[in-house]
Amino acid sequence: MLIPRRQKPKGIMPLPSMADIAFILLVFFILTSTIDIERNIPVALPGARSTESGSKKYFHVWIDAGGDCFVRGGRMDRGGLYRAAKYRAADNPDVRAMIGADANLPYRRVNEAMETLRDAGVYNIVLLSRKEAR
Amino acid sequence: MRMVRIKRGAKPTGEITIASMSDVAFLLIIFFLVTSIFLLKDGLHLALPDTTKPATVVSPGDVVTVAVRKDGAATLDGKRAQMDELGRLLGEKRAEKAGLVVLLKLSGELPYGTAVKAIDAVKTAGVTKLSLRME
């Protein structure tokens, strides 16, 4: 009885399927990526054990160790923060303001920012912190 | 008379060069992988009171006052307390009173990191009603 020889596997890459996968991944990255324009603001965040994650509509308010406030990468005074927050609250009343303030900053400065946000109609606040072990 | 022959343009082939297309796609993927970062969204969630609505009235018996001075020294109802123990002490208080309200008085000169630690202690204790006051 003749035993048929196994055929040698062909060294062909299925390019169309690979291109499909590549494009699906590409679409995923395009949809999920955001341009980070606030990377250069030096802020050392405080740590907290009850840190939670959130995914609702939000905007960042950064306050560096010198007390300067930044929204979307631009330095803002109290009036500027109020106008920016008012605009965001008008667009979405449930918007969250994520305050990323330096751990060494006097609390007074963060309190001022929270008051400004509240006056502008932004009531949901997240004090950004690093997650610490419980 | 000699006629000049005009050459007909070659018919375009209806093929897409998949190999080059996948190369471009993979290059773009590498670009996004290298440049993407995860956005920071972790933190302490607070809901500020709406000033246009009437203030909530709470029974004085349900209120526990925590004060933190600018040097980081904390007191719980006037008694000295360590910052590390605040969470546990407030947890015990909450076990006694379900509707516990914490009035957190923070010095304006207190480092923000310490202020977050105090708010964290309140949240760790499971207290949901927090009143923040700056002194």
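Predicted model: local features only at pLDDT ≥ 70, side-chain atom pairs only at ≥ 80, totals over all residues.
Asn124(A), Val126(A) and Leu128(A) face one way. Ile125(A) and Leu127(A) face the other way. Residues on both sides of β6(A) are buried. The strand spans residues 124-128 and is mostly covered, with five of its five residues buried.

Within chain A, β5(A) (residues 96-101) runs parallel to β6(A), joined by four bridges. Ile99(A) has Leu127(A) as its bridge partner in β6(A). Together with helix α3(A), the strands β5(A) and β6(A) form a right-handed β-α-β unit. Helix α3(A) (residues 107-119) carries the highest confidence in chain A, at a mean pLDDT of 93. Confidence is lowest in β1(A) (residues 47-48), at 77. For chain A, the mean pLDDT is 83, and 89% of residues reach 70 or more.

Across the chain boundary, β6(A) pairs with β1(B) (residues 43-47). This pairing is antiparallel and has five bridges. Asn124(A) stands opposite Ala47(B). Leu128(A) stands opposite Gly43(B).

The contact between the chains involves 43 residues of chain A and 38 of chain B. On the chain B side, α1(B) (18-35), β1(B) and α3(B) (112-124) each supply at least two residues. The largest share, nine residues, comes from α1(B). By class, this side of chain B has 23 nonpolar, nine polar and six charged residues.

Terms used. Residues numbered from 1 in each chain as written. Chains lettered and ligands numbered in written order. pLDDT = per-residue confidence, 0-100. Buried ≥ 20, exposed ≤ 12 C-beta atoms within 10 Å, placed from the backbone. Pairing = 2+ DSSP bridges. Right-handed = clockwise from strand over helix to strand, strands pointing away. Contact = placed C-beta atoms within 7 Å. Nonpolar A, V, L, I, M, F, W, Y, C, P; charged D, E, K, R; others polar.
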